[in-house]
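Visitor: I am new to reading protein structures, and I would like a close look at a single part. Could you take me through the aromatic rings and then show me what surrounds the ligand?

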Amino acid sequence: MSGRAKLPLAVTVEITSLTADGFGEGCVEGRRVRLRNALPGETVEGQLFKRRKGYWLGEAGRIVGAPSTARVPAPCPVAARCGGCGFQHVADEQVLAAKAQELRALLDVHEVHVERWLAPVAGPRLGYRRKARLGVRRVGEKVFVGFREALSGRVVDMTDCAVLDPRLAALVAPLREVLGQTSIAGLIPQVELAAGDRSCAIVIRHLTAFSSEDLVLLTNFAVARNVAVYLQGGGEDSVAQLAGPRAPLGYANPDFGLHFEFQPLDFVQVNAAINRRLVRSAVMALAGTRRVADLFCGMGNFSLPLARSGIAVAGVEAGGNAVDRARHNAVHNALADKVDFSVADLYEPDCVPAAVTAADALLLDPPRTGAGANLPAWLHAGVERVVYVSCNPVTFAADAAVLAAAGFQLAQAGVYDMFPQTAHVETLGVFRRVRGAG
Ligand SMILES: C[S@@+](CC[C@H](N)C(=O)[O-])C[C@H]1O[C@@H](n2cnc3c(N)ncnc32)[C@H](O)[C@@H]1O
């Protein structure tokens, strides 16, 4: 297979391993290839579409011979192409075991020892996703509303979704129809869907103004579907509600007698059941501490349960809107005297908020980029414990090495299945300062 071979290229590949993002990997004439929807132990016919540095990328078609014993029928008809999932064709236990193995391997690379591995925590495997950004694309007379295809980035032609909260999935087909009827159907790049416990919202991003007829159509849609419809003509501060229920979105955390309110574009942990497990574990792991700095606190998802359990909490977060919501949620749950929230860019050089200086424990829940370069400066001698919630095992493992170098032992670690059917790995790590070290 020449490096200049014309694409797409038909190949037959013996798959020998599975990549962390769910591609089956093998070799063709000495070149590494990765095929979506292929599993180790299988020989598959496939098409290569793209060259990447060090490998070629494509899609598997027919399986030659026996399929892998790990293979299961995908619940969704577009699973093979849709970038919303990557593992629907693999048994859940195998995926979760692979995620745990990936975490172990990354910690090994950084020579971080785990005292106790937690059993992987699983929840609902379908219908769990309460937040999603879907692309919108006009194709001739039709409008597609869907996730993007894994390889091409095109919007998937879908009318339902197995992983979305069923209330959101039920909006996909009617949204296609109503957006297709508007005068600016080709100028709507995306929609954001959000589900609270009692109501749902849609934010429609549009590149030019809707006509007054369009606004009537969308208003009727909002009323008929009982969904809050917001329009977003520019940046996030341009978001304004057009129609539908006015009550804010919200979710309960009954374990702590809490109710959170949020706006449709706010960060919210996508999987309610796993979020509850994660919050419970984090609070248990911080029992006995007195002052916790909750860094990257969002709207207080961890801060308020910690405060409810009697710990003084100071949350820090870059998003001003999220901090407003956190403060509102603290008041709304009668916890305003137990928590303090402030806005700071925690990646700003030398950012060590007062919340950190006063803390005897940290809770870190950063974006995929990890805790950032200030982490060593946060680990002052008074910090005894660090609970780290991560959505990226690569940065988690690198930060775990920073914590180890500062004298912390990784007492417990484990994966939480926040994103079943996808390659995303959510991790909880509990670090304790080793006496006499650091
Ligand atoms: C994974 S979310 C966690 C939010 C919250 N802990 C929760 O459970 O809902 C990461 C949070 O980090 C915030 N963030 C991103 N970059 C930041 C920065 N440079 N400084 C502070 N916070 C940041 C995001 O706004 C987001 O709320």
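Guide: What follows goes through the aromatic rings, then the ligand, and then a few backbone details.

Please keep in mind from the start that this is a predicted model. A pair of aromatic rings is described by the distance of the centres and the angle of the planes. A search of the whole structure finds six such aromatic pairs. In one of them, the ring centres of Phe-296 and Trp-378 are 6.4 Å apart and the planes meet at 65°, so this pair counts as edge-to-face, because planes over 60 degrees apart are given that name. Phe-296 belongs to the loop between β15 (291–295) and α5 (303–308), while Trp-378 belongs to helix α8 (residues 375–378), so the pair ties together parts that are 82 residues apart in sequence. Residues under 20% relative accessible area are called buried, and Phe-296 is therefore buried at 13%, as is Trp-378 at 0%.

Another edge-to-face pair is formed by Tyr-388 and Phe-396, so called because the planes of their rings stand at 90°, with the centres 5.1 Å apart. Both Tyr-388 and Phe-396 are buried. Elsewhere, ring pairs join Tyr-251, Phe-260 and Phe-262 into a cluster.

Arg-34 lies over the face of Tyr-55, at a distance of 3.9 Å from the ring centre, and Arg-104 lies over the face of Trp-117, at 4.4 Å from the ring centre.

We can now turn to the ligand. There are 16 residues around the ligand, and of these Gln-269, Glu-317, Asp-345, Leu-346 and Asp-365 come nearest. Sorted by class, this shell holds 10 nonpolar, three polar and three charged residues.

Most residues other than glycine have a negative phi, and most peptide bonds are trans. With that in mind, consider the peptide bond from Leu-7 to Pro-8, which is cis, with omega near -5°; Pro-8 is placed in the segment before β1 (9–18). Asn-226 has a positive phi, near 55°, although this residue is not glycine, and the residue sits in the loop between α3 (212–225) and β11 (228–232). At 55% relative accessibility, Asn-226 counts as exposed. Ala-334 likewise has a positive phi near 55°, and its place is in the loop between α6 (320–332) and β17 (339–343). Ala-334 is exposed too, with a relative accessibility of 62%.

How values were computed: Residues are numbered from 1 along each chain as its sequence is written. This is a predicted model: local features need pLDDT of at least 70, side-chain atom pairs count only at pLDDT 80 or more; totals for chains, interfaces and linings use all residues. Side-chain values use heavy atoms; hydrogens and water are left out. Rings of Phe, Tyr and Trp (its six-membered ring) pair if their centres lie within 6.5 Å; planes under 30 degrees apart count as stacked, over 60 as edge-to-face and the rest as tilted. Helices (H or I, at least four residues) and strands (E, at least two) are DSSP runs, numbered from the N terminus. Buried means under 20% relative accessible area, exposed over 50%, partly exposed in between (1.4 Å probe, protein chains only). A charge sits over a ring if NZ of Lys or CZ of Arg is within 6 Å of the ring centre and within 35 degrees of the ring normal. A residue is near a molecule or strand if one of its heavy atoms lies within 4 Å of it. Ala, Val, Leu, Ile, Met, Phe, Trp, Tyr, Cys and Pro count as nonpolar, Asp, Glu, Lys and Arg as charged, and the others, Gly among them, as polar.
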